[in-house]
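User: I would like a close look at one part of this model. Please take the ligand site and keep it brisk.

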Amino acid sequence: MEKLLSVEAAKKIILEKAKIKEGSLFPLHQSHGRILSQDIYAEINLPSFDNSSMDGFAVIAKDVMKASHQDPVELEIIEDIAAGSDPKLKVYSGQASRIMTGAPMPFGSNAVVPVEFTNFSDRYAQQALPKTILVNKTIKPGDYIRPQGQDIQIGEKLFSKSHKLRAQDLGVLAAQGIDKVPTIQQPLVALLSSGDELIQPGEVLHPGKIYDSNSITIKTLIESFGAKVVDLGVAKDNYLDIKEKFQKITDLKFDLIVSTAGVSVGVYDYIRDVILEDGSLNFWRVNIRPGKPLTFGEYKSVPYFGLPGNPVSAFVSALIFIKPYINQLLGLSEEIILNSAILKEDLESDGRESYLRAKIDHQEGTYFAKLASHQGSGNIFSLVYANALLIIPAGVKSVPKGKPVKFFWI
Ligand code: AMP
Ligand code: MG
């Protein structure tokens, strides 16, 4: 029997071809999910000025030290400070300025008395400024003030290189006034499906045809790894159509070409011939289940993955091989996080390194694994039922119920 390349050896060959992409400045609003190419430091303090955290009155705390309902303290109102305005008048003893949430504290004041602690508690738009107010509760210096730099201090490290930007991260960058973000260029992937049997969702299903599910699944999956995918459509199972589709690929600067199907040993599988005319192949089989007919090589110097056509095989191979490849282009070392679960049933394998679909649940802190009923590599719905893949090492042909197995979430 032919000795198949191990999953580990295949990954090694693949990762040798993966060169980290350069960083460039990208608009903030396009940066969601992108990877920082540099550390980012604060350019301004946040808040950048002392401001009020309540609607109320900016006062000198000492003035209202003894204020109570029985014995309120009267203060003269000298100014009205709205959010976005710049206070003009200094507050002296016996005085206060009306202030809104987020508005800058006026000179001289050192605390805010919320409107709730005064006789001026009605609030409505266009409300006239009172001449005086009565403060009926005491406060301490600093109360209801958000001091400059409370959240972020200028020069502070905000993010490390290789951080993946999430919604809240974009918010911090925006709050810093940063509109261009240094991120790693997104890898660009060309995706091609193949097969005479394929029609697109929405078309009429004729005998012998099937709907193309790989294109959308693999595109979405690779995009979730952080790459941009250009879908080149479906090639027919003939040499000329495949050749024509591949020639188009070199018009753009792709980091990777991915095809699905047409790379096994079927008599209509021409992809390999087309690759070999303008490139090379490193391997075309791996000791993995599902997904043995995995092809890797180069077409016109662009790395090439030929994923198997069966939907589950294509999905699993993309997770196991394309994800680490894209990660490396993005400068990420993120490895799959493995957990351990107890098998709820006996399990058979064929000795290849196997990634079996399973449903994991947990009882009292322990994970338990139940296999998806049919492990056929064409059964895409099993990937919806399953929430994890169990990893059965190469050489293992059975694992009894009750034994622990490694798994990762999908
Ligand atoms: P192949 O690798 O071309 O022999 O295809 C293996 C199996 O995967 C066949 O049953 C194909 O019909 C199926 N297949 C290939 N491409 C797709 C696709 N894009 N969507 C769904 N099934 C596919
Ligand atoms: Mg085919």
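Which atom of ligand 1 does a polar side-chain atom of Asp212 lie 2.8 Å from?

Analyst: A nitrogen atom: a polar side-chain atom of Asp212 lies 2.8 Å from a nitrogen atom of ligand 1. This is a predicted model, where local features need pLDDT of at least 70, side-chain atom pairs count only at pLDDT 80 or more, and totals for chains, interfaces and linings use all residues. Residues are numbered from 1 along each chain as its sequence is written, chains are lettered from A and ligands numbered from 1 in the order in which they are written, and side-chain values use heavy atoms, with hydrogens and water left out.

The Asp212 pair is a polar contact (a pair of N or O atoms within 3.5 Å). The backbone contributes too. Gly309 has a polar backbone atom 3.2 Å from an oxygen atom of ligand 1. For Asn310, a backbone N or O atom lies 3.1 Å from an oxygen atom of the ligand. The protein covers 76% of the 490 Å² of accessible area that ligand 1 has on its own (Shrake-Rupley method, 1.4 Å probe).

Now the shell. There are 14 residues around ligand 1, each with a heavy atom within 4 Å of the ligand. Glu197, Asp212, Ser213, Gly262 and Gly309 come nearest. By class, the shell has five nonpolar, seven polar and two charged residues. Gly counts as polar here, and Asp, Glu, Lys and Arg as charged.

Ligand 1 sits in the second largest pocket. A pocket is an open set of points on a 1 Å grid over the protein atoms alone, where a 1.4 Å probe fits, with protein on both sides within 12 Å along at least five of seven lines. To sit there, more than half of the ligand's atoms must lie within 2 Å of the grid points.

For context, here is the domain division. Domain 1 covers 7-20 + 186-329, domain 2 covers 24-45 + 157-184, domain 3 covers 51-146 and domain 4 covers 339-409. The bounds come from an automatic or database domain assignment. The C-alpha centres of domain 2 and domain 4 lie 39 Å apart.

One backbone detail: a cis peptide bond joins Arg289 and Pro290, with omega about -5°.

Terms used: A polar contact is a pair of N or O atoms within 3.5 Å; within protein, one must be able to donate a hydrogen and the other to accept it, and residues adjacent in sequence count only if both atoms are side-chain atoms. On a 1 Å grid over the protein atoms alone, a cavity is a set of points where a 1.4 Å probe fits but cannot get out, and a pocket is an open set with protein on both sides within 12 Å along at least five of seven lines; lining residues have an atom within 4 Å of a point.
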